[in-house]
Amino acid sequence: MEAATGGATRAGLTAALARGTPARVEPLPRHRLHESFEALRDAADRHKLAHGSWPTVFLANIGPVAQHTARATYAKNLFEAGGIQTLGNNGFPDAESVAAAFRASGTRIAVLCGSDALYEAHAAPFAQALKAAGVEHLFLAGNPGDRRADLTAAGIDEFVSVGCDVLSVLRATLARLGVPL
């Protein structure tokens, strides 16, 4: 330390280290890149063995397939990366039909999926109908931009989009579904 604070050269630091007590540095623990996701899928597997079904979320797809596919696919991939099954469909034309399908699904969590234009026209009534149908936690797939406050007031609990903390979303969703991690 004296050599370093005294302005020693690299050769001087090397010589000072050679004279002192050898330092021992513990290596950093090794982890595989996808280890955290594997742990979530293992927890979902244990849940299925114990309860006979996967933890599940309902995709509340708005409108025709061509207008919700991008975000429905994003949501499906996001949740299934953590072992959470998604219940898909061909989309719903109105809030009443999505609410009826949600009630019949037996799930507790839903994800609104649609285009920006469909969100503008239908996100609020769909969210209100889903909450009235018993949704405990409602996601919207996409970045709400300047509509965040309005969508939250309509019943959206959380937004998932590129750049969100996927592991945090998955851990919290599994916890909401009663899956011990």
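**A walk through the sheet**

Guide: Happy to! Strand E4 is mostly covered, as five of its five residues are buried; buried means under 20% relative accessible area, with exposed over 50% and partly exposed in between (1.4 Å probe, protein chains only). Helices (H or I, at least four residues) and strands (E, at least two) are DSSP runs, numbered from the N terminus. This is a predicted model, where local features need pLDDT of at least 70 and side-chain atom pairs count only at pLDDT 80 or more, while totals for chains, interfaces and linings use all residues. Residues are numbered from 1 along each chain as its sequence is written, and side-chain values use heavy atoms, leaving out hydrogens and water.

Visitor: Which residues of E4 are buried on each side?

Guide: One side has His137, Phe139 and Ala141, and the other has Leu138 and Leu140.

Visitor: In what order do the strands form the sheet?

Guide: Five strands make an open sheet in the order E2-E1-E3-E4-E5, with parallel pairing. Two strands pair if DSSP finds at least two bridges between them. The edge strands, E2 and E5 (158–160), each pair on one side only.

Visitor: How many bridges are there between E3 and E4?

Guide: Four, in the parallel sense. Within E4, Phe139 is the bridge partner of Val111. E4 also pairs with E5 over three bridges, where Ala141 has Val160 as its partner.

Visitor: And what lies across the strands?

Guide: Helix H6 lies across E1, E3 and E4 (137–141), at about 165 degrees to E4. Contact means heavy atoms within 4.5 Å. Angles run from 0 to 180 degrees between N-to-C directions, with axes fitted to C-alpha atoms, for helices over the stretch in contact. Helix H8 (residues 166–176) packs on the sheet too, touching E1, E3, E4 and E5.

Visitor: New topic: which residues have the most contacts inside the largest nonpolar core?

Guide: Phe79, Val111, Leu112, Leu130, Leu138, Leu140 and Ile156, in a core of 46 residues. Such a core is a set of buried Ala, Val, Leu, Ile, Met, Phe, Trp, Tyr and Cys residues joined through side-chain atoms within 4.5 Å. Helix H6 (residues 116–132) gives the most to this core, with seven residues.

Visitor: One last stop: is Thr86 buried or exposed?

Guide: Thr86 is buried, with a relative accessible area of 8%. This residue is found in strand E2 (residues 85–87). Leaving aside neighbours within four places in sequence, its contacts include Val57, Leu59 and Phe79.
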